[in-house]
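Visitor: Hi! I'm new to this, could you walk me through a protein model?
Guide: Happy to, here it is.

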Amino acid sequence: ASDVYKRQPQQFDRSTYFGRLGEVDDPAWSPDGTHIAYTRLDRVRKQIYTVEFKSGGAKTNLLTSEVEDNFYPTWSPDSQWIAFTSLRDDNEEIYVMTATGLLQSNLTSHSGRDMDPAWQP
């Protein structure tokens, strides 16, 4: 069994409304089952984070840090890339980055709203 199941339960911190990870949305499991990508509201902006599953929420990584919102992460089938929606171009566009947040690149450049990316197998 995984170490995460062997840990003693921790009491919920009642001083926080949303718990250890903060206010989160759009959870997406990596296909290899090791990480969860999610959107977190940091103050007034939405950013993409990952959390290592076996850490029980202790090992989080901020992947985006733009001044505009980034959300709707989705994993590539090989768990090496994450596609997401970003407002950094003043319009919803689809971006892709490595699973560690590097090489963030715009995949769409359209005057309409491009959002909710999905990978094909």
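Guide: One term to begin with: buried means under 20% relative accessible area, exposed over 50%, and partly exposed in between (1.4 Å probe, protein chains only). This is a predicted model, where local features need pLDDT of at least 70, side-chain atom pairs count only at pLDDT 80 or more, and totals for chains, interfaces and linings use all residues. Residues are numbered from 1 along each chain as its sequence is written, and side-chain values use heavy atoms, with hydrogens and water left out.

Visitor: Okay, is Glu68 buried, exposed or partly exposed, and why?
Guide: Glu68 counts as partly exposed because its relative accessible area is 23%.

Visitor: Where is Glu68 found?
Guide: Look in the loop between strand 4 (60-62) and strand 5 (70-75). Strands here are DSSP runs of E, at least two residues, numbered from the N terminus.

Visitor: How far apart are Glu68 and Arg45 in space?
Guide: Their C-alpha atoms are 6.5 Å apart, although 23 residues separate them in sequence.

Visitor: New topic: what about Asp26, which strand is it in?
Guide: Asp26 sits in strand 1 (residues 24-29). Asp26 is buried but has no salt bridge, meaning a side-chain nitrogen of Lys or Arg within 4 Å of a carboxyl oxygen of Asp or Glu.

Note on methods: Helices (H or I, at least four residues) and strands (E, at least two) are DSSP runs, numbered from the N terminus. Lys and Arg count as positive and Asp and Glu as negative; His and the chain ends are not counted.
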